[in-house]
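Keep the structure open beside you as you read.

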Amino acid sequence: MAGAESPGRVRGSAWTWRPVARDALLARAFHSCTELQGRFYLVGGLLEGGARMPSSDTVIFDPTRGQAVQLPAQGPLRSHHDAALVGGRWLCVVGGWDGSRRLATVSVLDTESGVWEVWKANPSSCPPAGLSSHTCTRLSDRELRVSGREGGTRTQRRYGSIYTLKLDHSTRTYWALWQSWKTFESFQKTQLRPEFLCANSYKEEGYHTVSRSGHSAALLPTTGPHPGHQLLLFGGCNSVEPEVAGQWSHGKIKEETPVAPRLVEQLARLVSSGQGLQQGPQSLRHHSCSVVGPFAVLFGGTSPPQWFHFPCPDRGLKRVGHRTCLWNDQLYLVGGFGEDGRTASPQVCILELFV
């Protein structure tokens, strides 16, 4: 286990990523990292900069023991995908790049048996042509919200689309509903509800989401006279504003976010220090985003954010194509290419705030 690195300091506040484990199995970027029962499941990704063929392995990291193991069963070739947990057992990998094309299929790992399954699309499904560098957010045990711009082998559309992906683990099937939303500004003014579009009975609205790729999504609680939840998209384009990709009234979203009272308190003190610049993350791509209580914590990427920006002088902490994962009141950093943009980090680090 490596020692803590020197923290960067900003007017009395500071943060750093402290290494807690190191294993060559963890060295990858543009992978997915999902927590289940205190273990992190890493799927696919690129093992080195410039590689076109993604990995097909699945690695399980135990943060308590600091150990990583590779599953014997080979999974799908995937990078630039996203993943979500269903039924407390099935890890659903949605879309991504397989080395030759963008996909819209769903591959599923049964975490109890350690076997990969290919679920079938329902005949009524209307999936996108293909997705990569998109987001996949769990709304319930049977429903995911997918956001991104679809495309084929070489081209992608100039606008973004939103899909509701419904899954049935009893029949091993899934189906997608295509949705069109107003832009964030138009949504705020009109409060229009989404239009569900599928099969031959749909009507496309005149607006789509901003074209985004390499963005992040955060399902956050809303307060005020009409509390509930909203799904916000960050980065992936030149816009500095987040975009609403879904809004639900109180009680509609049953998801329980991990409890992290110590980290929430530290983040609150850091934000209230007044040192961060309140500007959205312009042109931020391939960063990480984790919801910690009322906060969406973004880190890294190919352009530094200026949204409650707390810099660190240690260039060795630079990451792109990485993942962050919240567990046991700690925010973990896993994988990603480092400062040279080509070497995948084998370290696992936890966020330390000095406030």
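About 90 Å³ of space lies in the largest cavity, one of two cavities of 30 Å³ or more that a search of the whole structure turns up. Please bear in mind that this is a predicted model.

**The largest cavity**

- Strand 8 (90-97), strand 9 (102-110), strand 14 (161-168) and strand 15 (173-180) each give at least two residues to the lining of the largest cavity.
- Sorted by class, the lining of the largest cavity has 11 nonpolar residues, one polar residue and no charged ones.

**Cysteines**

- How many disulfides does a search of the whole structure find? The count is zero.
- For Cys-33, the closest cysteine sulfur belongs to Cys-325 and sits 4.6 Å away, which is too far for a bond because a disulfide needs the two sulfur atoms within 2.5 Å.
- Cys-92 has its closest cysteine sulfur in Cys-136, at 7.9 Å, so this distance is too far for a bond as well.
- Are Cys-33 and Cys-92 buried or exposed? Cys-33 has a relative accessible area of 11% and is buried, and Cys-92 is buried too, at 0% relative accessibility.

**Aromatic pairs**

- The structure holds six aromatic pairs.
- In one of them, the ring centres of Trp-17 and Phe-299 are 5.2 Å apart and the planes meet at 65°, so the pair counts as edge-to-face.
- Trp-17 belongs to strand 2 (residues 13-22) and Phe-299 to strand 21 (residues 295-299), so their pairing ties together parts that are 282 residues apart in sequence.
- Both partners are buried: Trp-17 has a relative accessible area of 2%, and Phe-299 has one of 13%.
- Phe-40 and Tyr-332 make another edge-to-face pair, with ring centres 5.2 Å apart and planes at 80°.
- This pair also links distant parts of the chain, since Phe-40 is in strand 4 (residues 39-43) and Tyr-332 is in strand 23 (residues 330-334), 292 residues apart.
- Phe-40 and Tyr-332 are both buried.
- Together with Phe-61 and Trp-327, Phe-40 and Tyr-332 form one aromatic cluster.

Note on methods: Residues numbered from 1 in each chain as written. Predicted model: local features only at pLDDT ≥ 70, side-chain atom pairs only at ≥ 80, totals over all residues. Heavy atoms only, no water. Buried < 20%, exposed > 50% of the residue type's maximum accessible area, 1.4 Å probe, protein only. 1 Å grid on protein atoms, 1.4 Å probe; cavity = no way out; pocket = protein on both sides within 12 Å on 5 of 7 lines; lining within 4 Å. Points joined across faces, edges and corners; volume = space filled by probe spheres on them. Helix = DSSP H or I, 4+ residues; strand = E, 2+ residues; numbered from the N terminus. Nonpolar A, V, L, I, M, F, W, Y, C, P; charged D, E, K, R; others polar. Phe/Tyr/Trp six-rings, centres within 6.5 Å; stacked < 30°, edge-to-face > 60°.
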